[in-house]
Amino acid sequence: MTQSSSNKVAFFSSKSFDKQVFAQFEQTKPVIVSHIESRLEQTTVALAAGFDTVCVFVNDDVNTQVVEQLAELGVKHVALRCAGYNNVDITTCHKLGISVSHVPVYSPYSVAEHALSLILTLNRRTHKAYNRVKEGNFELQGLLGFTLHNKTIGVIGTGHIGSAFINIVEGFGCKILAYDPTPNPLIKSKVEYVDLQYLLTHSDIISLHCPLTQDNSHMINVNAIQQMKDGVMIINTSRGGLIDTSALIKGLKTQKIGYVGLDVYEMESELFFRDRSYEVIQDDLFQRLSTFHNVLITGHQGFFTQEALNEIATTTINNICGVTEGQTNHDNFL
Ligand code: NAI
């Protein structure tokens, strides 16, 4: 295979683990990957000059202006190395002849298991117990949890990740309510499909597993929170924009909400995936949120298992090669 027939890929928001996992394809696939640490956005789009493809992740900002500039630079394909695609203006891409691919399924178990780890940690406060015992403090006061068995878990979105999550919590003996405009026949026997309002009013734990769209932005807002049970636990491993963070803070302050576990945050693109421990964080909303004793935030690591990374890399490279070979007519192309 010649260098000229290879697809040249500008790999934005690259991390050392990306370099490692994508390196395995360098000798076997017709792609030349150039790693760029910066996120793709208006100020960095010029770096895509001379490339056939841009490969992007969850917080790259592929908005209308960026897409227009990509088209001017001759970029033909946007390869998302993730499932969600709310950060790409797909309509403009199509209008300007740029194809878009994503990785619809890669170890949905990785995110589902992370949602469960947020629930168990928040409930049994293992993160606090770890620190106490390390310091020789064996006091139990403040560590009181609840038994998950027989509790009602409301699952919003029952696709790949939501159904993997349902299969896990079923094992705990939980009652499961589900809301999804397109119910999943594979898990119908395990859940009671209900409308959103019923789910909000009857669940002890609510876990979000639907994509972020224009229609469901801030679906968890003041009104939704008002309807929830007192002391409810809210888990979001999906997309930050599904929750109105100010409403969440209000709900925590009034103690309507008992626990919050987040792997995503609506303004995460300004914060996540970087060491900011020596910076003064300017996001007051995030800073307020992280002061609550009953809030646990992780920095979008739900996908981050070795198995998931391998699947993401394999599918992304196959998608990119699919463009070169003219095979773009399948589910991975948007
Ligand atoms: P999927 O496409 O298999 O399932 C999504 C489900 O949500 C579908 O059944 C759909 O009908 C349903 N849905 C759509 N709009 C809805 C609404 N307004 N209310 C309720 N349900 C709705 O997607 P998958 O693979 O399960 O992923 C779900 C989301 O998880 C992704 O869109 C992404 O935002 C997030 N994600 C987070 C990761 C992380 O590392 N934290 C990693 C991968 C995905």
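The structure is a predicted model, in which local features need pLDDT of at least 70 and side-chain atom pairs count only at pLDDT 80 or more, while totals for chains, interfaces and linings use all residues. Residues are numbered from 1 along each chain as its sequence is written, and side-chain values use heavy atoms, with hydrogens and water left out.

**Annotated domains**

- The UniProt record, an unreviewed entry, places "domain: D-isomer specific 2-hydroxyacid dehydrogenase catalytic" at residues 25-329; such annotations may be inferred rather than shown by experiment.
- The span 25-329 is 32% helix and 15% strand, and its end C-alpha atoms lie 23 Å apart; helices (H or I, at least four residues) and strands (E, at least two) are DSSP runs, numbered from the N terminus.
- The UniProt annotation "domain: D-isomer specific 2-hydroxyacid dehydrogenase NAD-binding", from an unreviewed entry, covers residues 116-302.
- For residues 116-302, the end C-alpha atoms are 10 Å apart, with 30% helix and 16% strand.

**Five-stranded sheet**

- Five strands form an open sheet in the order E2-E1-E3-E4-E5, with parallel pairing; two strands pair if DSSP finds at least two bridges between them.
- Strand E2 (31-35) and strand E5 (99-101) are the edge strands, each pairing on one side only.
- From one strand to the next, the twist averages 20°, where axes are lines fitted to C-alpha atoms and angles run from 0 to 180 degrees between N-to-C directions.
- Within this sheet, strand E3 (residues 53-56) pairs with strand E4 (residues 77-80) in the parallel sense over four bridges, and Cys55 stands opposite Ala79 in E4.

- Strand E10 (residues 232-236) is largely enclosed by the rest of the structure, because five of its five residues are buried (under 20% relative accessible area, with a 1.4 Å probe and protein chains only).
- In a regular strand, side chains alternate between the two faces of the sheet.
- Val232, Ile234 and Asn236 are buried on one side of E10, and Met233 and Ile235 on the other.
- Strand E9 (residues 205-208) runs parallel to E10 and is joined to it by four bridges; Ser207 stands opposite Ile235 in E10.

- One cavity of 30 Å³ or more is found in the whole structure; a cavity is a set of points on a 1 Å grid over the protein atoms alone where a 1.4 Å probe fits but cannot get out.
- The largest cavity holds about 40 Å³ of space, a volume being the space filled by probe spheres set on the points.
- Lining residues (an atom within 4 Å of a point) of the largest cavity are Asn236, Gly240, Ile243, Thr245, Leu248, Leu262, Val264, Tyr265 and Glu266.
- By class, this lining has five nonpolar, three polar and one charged residues; Ala, Val, Leu, Ile, Met, Phe, Trp, Tyr, Cys and Pro count as nonpolar, Asp, Glu, Lys and Arg as charged, and the others, Gly among them, as polar.

Key: 1 Å grid on protein atoms, 1.4 Å probe; cavity = no way out; pocket = protein on both sides within 12 Å on 5 of 7 lines; lining within 4 Å. Buried < 20%, exposed > 50% of the residue type's maximum accessible area, 1.4 Å probe, protein only.
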